[in-house]
Amino acid sequence: MADRKLGLALLVVTACGWGLNWSVLKFVLADWPPLFARGTAGLLGAAGLAVLAWRRGERLTVPREARLPLALAAGINVFAWMGFTALSLNWLKVSEGALIAYSMPIWAMLIAWPLNGERPNRRSLIALALGVLGIAVLMGGPDLAASKLPGVLFGLSAATLFALGTVMARKTIAMPFTAMTAWQVALGCLPMVGLSLLVEQPHVLALSGRSALGLAYMATLPMALCYLTWFGALKRLPTAAAATGMLAVPVVGTLSAVPLLGDALGPREILAIAITLSGVGLALRRAG
């Protein structure tokens, strides 16, 4: 029971840190393109994690048998997730991009069933149905504009791949925890920066003071601390509960965008948040 309570606490920290990051990222995107912004923050976060691992006495070398699983996890959990979600914000508002990306519990539950034998029960299905309904309400249902389609596709791709990474993360990589996380973030973000230099051609010196603070936040919490808390939560909670609990992230993102970005919070947004929170509550009750 103590282990489950710790898992829930780690899940709350992760949800708040990643939720606020959606609004903070919008500040940085005003000066830097998406892949460069996320990739640079990730490399800074990975460097901090590497220092932490070294101070804890963890070995930073990667065993031969862990190289392929580590590279695959980095591509799914970091490169695809962080890169695709950042790109989606070129077409979507924070509330829309965050909620589409966090449809990933649907895919996580479907993938975990055949791979891990985690058959969803009725409460899990109700929780997921509420989460999906909340997303549908916020996106406006059939009134979705065609101009938002690229953002929707990027968000759904990120959600599906991160769901696969969520299920795969239950199979432990044979490395110390903090060192493994540092390598995973670094390997996922380095090609992101390289691709940005080729395609996006960012102006590095264009970063303003406000965006620099946002970058520091992204590197410290979402790209470093929250990856530690996320993987820690996955080790202590069922996959479906952990994944569905992360539906709190778009709620935090939507609420934070109101004072930080001036986004509207009308009846539709409030209804979507209420429905989504109901699903999160059901999932966390099952985990407890």
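Which residues is Leu195 in contact with, leaving aside its neighbours within four places in sequence? They are Leu35, Phe79 and Glu200, where contact means heavy atoms within 4.5 Å.

## What you're looking at

This is a predicted model, so local features need pLDDT of at least 70 and side-chain atom pairs count only at pLDDT 80 or more, while totals for chains, interfaces and linings use all residues. Residues are numbered from 1 along each chain as its sequence is written, and side-chain values use heavy atoms, with hydrogens and water left out.

## The overall fold

Going by secondary structure, the chain has 12 helices and 0 strands. Read from the N terminus, the elements run α-α-α-α-α-α-α-α-α-α-α-α. Helices here are DSSP runs of H or I with at least four residues, strands are runs of E with at least two, and the numbering starts at the N terminus.

On size, a compact globule of 288 residues would have a radius of gyration near 19 Å, and the chain agrees with that at 18 Å. That radius is taken over C-alpha atoms, and the globule rule is 2.2 Å times the number of residues to the power 0.38. Along the principal axes, the C-alpha atoms fill a box of roughly 50 × 45 × 30 Å. Take the contacts between residues at least 6 apart in sequence: 90% of them join residues at least 24 apart.

## Surface and charge

Buried residues make up 50% of the 288 in the chain. Buried means under 20% relative accessible area, exposed means over 50%, and partly exposed is in between, using a 1.4 Å probe and protein chains only. The chain exposes about 12500 Å², with carbon and sulfur atoms supplying 69% of that; the areas come from the Shrake-Rupley method with a 1.4 Å probe, and for residues only the protein chains shown count as cover.

As for charge, there are 22 positive and 10 negative side chains, and the centres of the two sets lie 10 Å apart. Lys and Arg count as positive and Asp and Glu as negative, with His and the chain ends not counted. Each charge is placed at NZ of Lys, CZ of Arg, CG of Asp or CD of Glu.

In soluble globular proteins, nonpolar side chains tend to be buried together. Here, the largest nonpolar core has 64 residues, and Trp18, Tyr102, Tyr227 and Trp230 have the most contacts inside it. Helix H9 (residues 209–236) gives the most to this core, with 12 residues. A separate core of 9 residues includes Val62, Ala66, Leu70 and Ile173. A nonpolar core means a set of buried Ala, Val, Leu, Ile, Met, Phe, Trp, Tyr and Cys residues joined through side-chain atoms within 4.5 Å.

Not counting residues up to four places away in sequence, Trp18 touches Met82, Tyr102, Phe162, Pro222, Cys226, Tyr227, Trp230, Met246 and Val249.

## Buried spots worth a look

Ser23 sits in helix H1 (residues 2–29) and is buried, with a relative accessible area of 0%. Beyond residues up to four places away, Ser23 touches Val94, Gly253, Ser256, Ala257, Leu260 and Leu261. Ser23 and Pro259 are 236 residues apart along the chain, yet their C-alpha atoms are separated by 9.7 Å.

Another serine, Ser211, lies in helix H9 and is buried at 1%. Past the residues up to four places away in sequence, Ser211 touches Phe27, Val28 and Asp31. Met109, in helix H5 (residues 104–116), is buried too, with 6% relative accessible area. The C-alpha atoms of Met109 and Val94 are 25 Å apart, with the two residues 15 apart along the chain.

## Out toward the surface

Back to Leu195: this residue is in helix H8 (residues 177–199) and is partly exposed, at 36% relative accessible area. Its C-alpha atom is 36 Å from that of Ala9, 186 residues away along the chain. In the loop between H8 and H9 you'll find Gln201, which is exposed at 57%. Phi of Gln201 is near 50°, a positive value in a residue other than glycine.

Leu161, in helix H7 (residues 149–168), counts as partly exposed at 30%. Leaving aside neighbours within four places in sequence, Leu161 is in contact with Ile76, Ala80 and Phe84.
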